[in-house]
Amino acid sequence: MTLWEATDHAMRLLLGGDESLWRIIGISFKVSGIAILMATPPAVLTAFALAWLRFPGRRLLISLFSTLLSVPAVVVGLTLYLLLSNQGPLGDWRLLFTQSAMVAGQVVLAFPILVAMGHAALQSVDQRAWETARTLGASFFKAFLLVLRESRFGLLAALLAAYGRIIAEVGASMMLGGNILDYTRNIPTAIALETSKGEFAQGIALGVVLLLLASTLNGLLHYVQGKGGVSTP
Amino acid sequence: MLNRLLFLFLSLIFSTSLLAGPQNHSRVIRLATTTSTENSGLLHYLLPLFEKESGYRVHVIAVGTGKALRMGRDGDVDVVLVHARSAERKFVAEGFGEHRFSVMYNDFVLVGPRDDPAGVRSAASADEAFRRLGEGKALFVSRGDDSGTNKKELALWKSAGVHPRGGWYREAGQGMGRVLQMASELGAYTLTDRGTWLAMKKGLDLRILHQGDPMLFNPYGIIAVNPERHPNVNHQGALALIRWFVGKEGQEKIAAFRKEGEQLFIPNAQPSELALLKP
Amino acid sequence: MNEKFALEVEGLRYGPGDRNLFDSMNLRLESGRCVLLTGENGAGKTTLLRILAGLQKPREGRFRLEGGDFAAWKKMRRILQKRVLYLHQQPYMFDGTVEYNLRFALSRSTGRGAKEELVERALEWVGMSGFRRKYARSLSGGERQRVALARAWLASPTVMLLDEPTANLDAESRERTLRLLRQLRLQGMTLVLASHDPHHFTDLPDRILRLHQGRIFHAAPPPTQKEGSAAVIPLRQELA
């Protein structure tokens, strides 16, 4: 099959609403969406604590998170696999080869990105922002929200970057989800499988979806970072 | 105020984990099988029939035979469907699996470039074909992934008295489909199961160069993970699946499965084993 | 204001180790009066103001705010942050419109209509009614100073501490700012102004404190001349 034929077939699959294809896409968005939703609140709190509070071990944590940034997805996958396997300490949860296991893997992957980029964003907020809020009588929570708002573009950039990583990630999803049809087969694991079978058309169709998604995220990221540039005082 | 934040966060986690919530385990059967089985399309054809009849959902995890047995050993799946006789025997003997049931067989074929530089087409036996491959040092792509096919291939080299080492012998560490593509791209030989071959041959620049030797016989066995080892496996589900596979309907459907008009698998459940499955 | 003193500090010390800025200073701010804190750069003016606003922790010191007495600093800090307003030398504008900046100072319990009216009144007071939808960070230094004053006024603190309120301003903006400060004092706001350059403020303060190397070096008596003719704008108490 030539590249052209495969691409042509791929487009017809995509536009024709091929059911199994769209189910795979749906699983990808569901799993990564849940993962990002679960990872963001604790990551933002952690980033805030690292940027605005002083406590022992803070520097250590900061360097720990930047180290975690470069841990390959397969290592995360393997570690969680060993934890979640029936032989592992969390085996009784019976989570291996479920969507929950994929979510867990993606949360672990997204967390350090969110913390590291969120930390950078929150740290760049002027100290006076917090002080002004507090001295105007704002509660701790209101001042916290204000600082988040002041760094919203940086935080959004962190969110997009983390989402971009986990939705395209194949190693951990493959290991933890098991690539089960209609359950844990998402876009990247499906691409891996389809190409291994020589079904290039479906691989290309899914690749196109990922590509579109990646360029959308990238465009948003650029837009957001441009915005962020304007808003610095 | 911090309390409110905490509450918000916890309720978020709670609600999303409901979405992602665990399935009802007793209705899900986790089947570890080989990529060749999955790639042939057989399970795609069989399992919906079984699911409709039994109400179970079967989650298929397709990996190499070695990994599939390993998952069974760890209790991470409920049942395994593989094709590596001696490893299966060991798996049962060590008490990880209950009993091996014969399900079906297909056979391996030796494929390679049309011009057949090593001249295996005229070999009289599998031994001779592999000997010629070793002597000709023709490029050979091996699965190299501890799969059933890989184990069979190594056994064939051994039987032929060839020590497959050197630049002509490439271990891919990939699934069957990928290895066939690599062999096609490289103009190399490889050993493949007939199912995957039939499913994929259209896109490949390869030919069958040797087949039919009894040594290339490829039997599939299905084994339930021993519930005494792993009390939390879905043993009832595993037995239901096995019963269906080796029973009348499963066997008929296996025989009826066609790819490109050809039958891929020959059912061979042993009536003597069926007695073990009576509830 | 039935208390004589809006804010009192006793035995204020600041600084790590054997450093002892403020040397157990005692300070009393009379309600509705204006104190000018002067002294060269590095004398500790900013530090003192920030401690009084609860933004910086002293080593020792006992605080009383409108008669309330809190021994624990944690507790005290919250009260100070709520009731004492500190205005940075360069006021910080939140990332938003002028209106957003002003609304931030209003507490959640203020009704929607009252909020709208207070914002409008604050803008009128500083002469910036047309600036409501402007992006706060695009404003000039003088305009920012006025937005910050309007914002501070909306927060209705007990005491306002202003750090170099006229520095970096041109003559016209400085006059405007001084006029607003005079009006604040006439409304009965307790004010502390810190400036290394006191001669701009001749008619404003009731008392002048000179800070030198962290000690009160000289306290000038209140000047006799006082201005009383500035137009008084309606107080927010009337709205409450």
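How many helices and how many strands does chain B have? Chain B has twelve helices and twelve strands, where helices (H or I, at least four residues) and strands (E, at least two) are DSSP runs, numbered from the N terminus.

Hello everyone, and a few ground rules before we look around. This is a predicted model, in which local features need pLDDT of at least 70 and side-chain atom pairs count only at pLDDT 80 or more, while totals for chains, interfaces and linings use all residues. Residues are numbered from 1 along each chain as its sequence is written, chains are lettered from A and ligands numbered from 1 in the order in which they are written, and side-chain values use heavy atoms, with hydrogens and water left out.

Let's start with chain B as a whole. Its C-alpha trace spans about 75 × 55 × 40 Å along the principal axes. Of its 279 residues, 54% count as buried, that is, under 20% relative accessible area with a 1.4 Å probe, protein chains only. Take the contacts in chain B (heavy atoms within 4.5 Å) with a separation of 6 or more: 75% of them come from residues 24 or more positions apart.

Now to the meeting of the two chains. Here 36 residues of chain B are in contact with 36 residues of chain A. The area buried between them is about 3,100 Å², and carbon and sulfur atoms give 60% of that; buried area is the accessible area (1.4 Å probe) that two parts lose on being put together, summed over both.

Which residues form a salt bridge here, with 3.1 Å from N to O? They are A:Arg185 and B:Glu38, through their side chains. The rule, a side-chain nitrogen of Lys or Arg within 4 Å of a carboxyl oxygen of Asp or Glu, finds two salt bridges across this interface. On the side of chain B that touches chain A, the elements giving two or more residues are helix H1 (2-19), helix H2 (35-40), strand S2 (57-63), helix H4 (65-74) and helix H8 (176-186). H1(B) gives the largest share, seven residues.

Last stop: A:Phe65, in helix H3 (residues 58-68) of chain A. Is A:Phe65 buried or exposed? A:Phe65 has a relative accessible area of 10%, so this residue counts as buried. Leaving out residues up to four places away in sequence, A:Phe65 touches A:Thr46, A:Leu50, A:Phe111, A:Pro112 and A:Val115.

Key. Buried means under 20% relative accessible area, exposed over 50%, partly exposed in between (1.4 Å probe, protein chains only).
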